[in-house]
Amino acid sequence: MIRVNRRNIVKSLGVAAALATAPALSFAQSGDPISLVVPYGGGGLIDGLVREVGEKMAADLGQPVIVENKPGSNGIIGANFAATARPDGLTYFVGATGPLSLNVMLRKNLPYSMDSFVPVGTMMSGPLTITVPSAMGVSNIDELKAYAEKSGKPLRYATLGPGSVTHLFGMVLQDALGVPMVDVAYRDNPSMIPDLLNGQNDLNFSTPISLIKYQNEGSVKILAISSPERNPLFADIPTTTELGYPQLVSSFWFGLLAPKGTPDDQVARVSAALQKAMSDPALQDRMTKVGLTPQVGGQDAMQAQLDWDEQFWGSVIKENEISLD
């Protein structure tokens, strides 16, 4: 006959219950690394900045923070990897306008949705430009409109593919100017520039930092930056608002999100570490010097950005009846 010690059973059950209800706490206080999933390849500007953010977060959290690069399919691979990760407080997604907001609004058959994530905090944002070849001979947006009307031909503009920020921004500009435009897709930003320089394309919306040297050489003219206020790094370039086109204010962003189900205390803990890292003056200076704007904000700020995307880009998608497979 087997004797059962009731006191030991109760004690064991209590320990098991405690372990079952507090897995996040044990992970948070262990040496297990936190992963920041970046939906792009390694070695780029954003990848480098995220790694620096991660280093600063690690110092504050007291545990390693590593970057996992999961590129491919316009960010879908990385987003899905993070969305389906165990929600234990150890995996976070470096979301962005395209991989998250635009993909969710444009693609019906995604393996994830906006509800697959909870906001953690903001990181950085950047403006687009309205840039033309210098040979076009226009110096502002009104002159661009007049040029298009006189030529009688659609303006050709470079994009990063259907449904990208550059694609949709072209549609916003087309509506604002009331002139026909046609999009031309490219693999990446560097591959766009030669066709702008030789006049094969009329417009480019790449970031100011990627085009400023060509303006300094006299090859292109940056007509405006799509921000409400001038960027100190490009102080001589007017904003779309200044030129009378406030509806053209838009940007791309990067922020941190967690898989749905991640415990609230873990989200709050990582959010606080992110905000502390993003408040570092040296890091902010590095971002500013490449034309980006540091964004120090928590869960509410990240949610506000997602809401803005739904309102602004969502209306563009709906009005133009855009849908991607």
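Predicted model: local features only at pLDDT ≥ 70, side-chain atom pairs only at ≥ 80, totals over all residues.
Me: How many residues line the largest pocket, and which lie nearest its centre?
Reply: Start with the space, which comes to about 1,100 Å³ for the largest pocket. Its lining is made up of 41 residues. The ones nearest the centre are Y40, I46, L160, N189 and F254.

Me: How many residues in the lining of the largest pocket are charged?
Reply: Sort the lining by class, and you get 23 nonpolar and 15 polar residues.

Me: Which element gives the largest share of the lining of the second largest pocket?
Reply: This pocket holds about 440 Å³ of space and has 29 lining residues. The largest share is six residues, and they come from strand 4.

Me: Why is helix 5 described as largely enclosed by the rest of the structure?
Reply: Buried here means under 20% relative accessible area. The buried residues of helix 5 are T97, G98, P99, L100, S101, L102, N103 and L106. Helix 5 is largely enclosed because, of its 10 residues, the number buried is eight.

Me: What do the buried residues of helix 5 pack against?
Reply: Helix 5 (97–106) also gives two or more residues to the lining of the largest pocket. As for packing, the partners of its buried residues are helix 4 (76–83), strand 3 (91–96), strand 4, helix 7, strand 9 and helix 12.

Conventions: Residues numbered from 1 in each chain as written. Heavy atoms only, no water. 1 Å grid on protein atoms, 1.4 Å probe; cavity = no way out; pocket = protein on both sides within 12 Å on 5 of 7 lines; lining within 4 Å. Points joined across faces, edges and corners; volume = space filled by probe spheres on them. Helix = DSSP H or I, 4+ residues; strand = E, 2+ residues; numbered from the N terminus. Nonpolar A, V, L, I, M, F, W, Y, C, P; charged D, E, K, R; others polar. Buried < 20%, exposed > 50% of the residue type's maximum accessible area, 1.4 Å probe, protein only. Contact = heavy atoms within 4.5 Å.
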